[in-house]
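Visitor: I'm new to this one. Can you walk me through it?

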Amino acid sequence: MMINTENVVDIFQLALLCDAPRLSFVCHRMICNNFKSVSATEGWTAMKQSHPVLEKILLEFITDEDHRQKERVRNTKERQVYLQLCEAMEALVHICKDGCRTIGPHDKDFKVNQNPCNFAACKGLESLVRHFSSCKLRVPGGCIHCKRMWQLLELHSRLCADSDVCRVPLCRTFKERSRKQSKKEEIKWNILVEKLLRTKCFSGRPFFSWAITVKSS
């Protein structure tokens, strides 16, 4: 007999009575994956009347599985955001230290034919830096794009290994300012830094080694 949504509940109950774990697992998975259809069958209605405890166990499992699936999706999206932030941090150091395409330190000699950039975040960050340098509402809170840039600069300062040699603008200023921030603000930034480091995407790059060492100790 082929298992389908109409008979899966009956076969599931028989599998449990006959101690057939493989068959019961297959039926259980089909019930969970096709719950809307299965719950509308006569077999499900009969089970509700004869084995209400089994129905309760199935419903609890399906509810928990739904929560787990939502949690997995949320964690995946969250990790993607942190990966993008990691890429932005490395691209920021790359632009300020080495230069990229047509933007970089004032003493950088840009060549006409440059090698392709390996940092995926550079293009978007380059536009943000150009906007930041010319925006008339650059004060924090005055412009949404500039606010994002201020946040990236502050985040960099909390990851930077050595502000004395770092070429990212305001790195030392933000690091010194962080020592005077409220405890609530400090906790918020520390949580963000720890979550970034958990993504393990900085791989020992010189400008981030200090943060990795401190947080892992």
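Guide: Here is a short tour, from confidence to cores to single residues.

Visitor: What is the mean pLDDT of the chain?
Guide: This is a predicted model. The mean pLDDT of the protein chain is 82. Of its residues, 82% reach 70 or more.

Visitor: And where does pLDDT stay under 50?
Guide: Over residues 209–217. The model has 15 contacts beyond four places in sequence for that stretch. Where pLDDT is low, predicted coordinates should not be read in detail.

Visitor: OK, inside now. How many residues does the largest nonpolar core have?
Guide: It has 34 residues. Leu92, Leu125, Leu153, Leu155, Leu159 and Val168 have the most contacts inside it.

Visitor: Which helices supply at least two residues of this core each?
Guide: Helix 5 (52–97), helix 6 (122–134), helix 7 (144–159), helix 8 (171–178) and helix 9 (183–198). Helix 5 gives the most, with nine residues.

Visitor: What does Leu92 touch, leaving out residues up to four places away in sequence?
Guide: Leu92 touches Leu125, Met149, Leu152, Leu153, His156 and Val168.

Visitor: What lies apart from that core?
Guide: Another core, of eleven residues. Among them are Val8, Val9, Leu54 and Leu58.

Visitor: Switching to helix 4. Which of its residues are buried?
Guide: Helix 4 covers residues 42–50, and its buried residues are Gly43, Trp44 and Met47. They cover an arc of only 95 degrees around the axis, so they sit on the same side of helix 4.

Visitor: What is on the other side of helix 4?
Guide: Glu42 and Gln49, both exposed there.

Visitor: And what do the buried ones pack against?
Guide: The buried residues of helix 4 pack against helix 1 (8–17), helix 2 (21–33), helix 3 (35–38) and helix 5.

Visitor: Where is Thr41?
Guide: In the loop between helix 3 and helix 4.

Visitor: Is Thr41 buried or exposed?
Guide: Thr41 counts as buried, because its relative accessibility is 4%. A polar atom of the Thr41 side chain lies 3.3 Å from the backbone nitrogen of Trp44. Thr41 also touches Thr5 and Glu6, not counting residues up to four places away in sequence.

Visitor: Last one. Where is Arg167?
Guide: Arg167 is in the loop between helix 7 and helix 8. At 39% relative accessibility, Arg167 counts as partly exposed.

Visitor: How far apart are Arg167 and Val93?
Guide: They are 74 residues apart in sequence. In space, Arg167 and Val93 are 7.5 Å apart, C-alpha to C-alpha.

Note on methods: Residues numbered from 1 in each chain as written. Predicted model: local features only at pLDDT ≥ 70, side-chain atom pairs only at ≥ 80, totals over all residues. Heavy atoms only, no water. Core = buried A, V, L, I, M, F, W, Y, C linked by side-chain atoms within 4.5 Å. Buried < 20%, exposed > 50% of the residue type's maximum accessible area, 1.4 Å probe, protein only. Helix = DSSP H or I, 4+ residues; strand = E, 2+ residues; numbered from the N terminus. Contact = heavy atoms within 4.5 Å. Arc of directions from axis to C-beta. pLDDT = per-residue confidence, 0-100. Polar contact = N/O pair within 3.5 Å; in protein donor to acceptor, adjacent residues only side chain to side chain.
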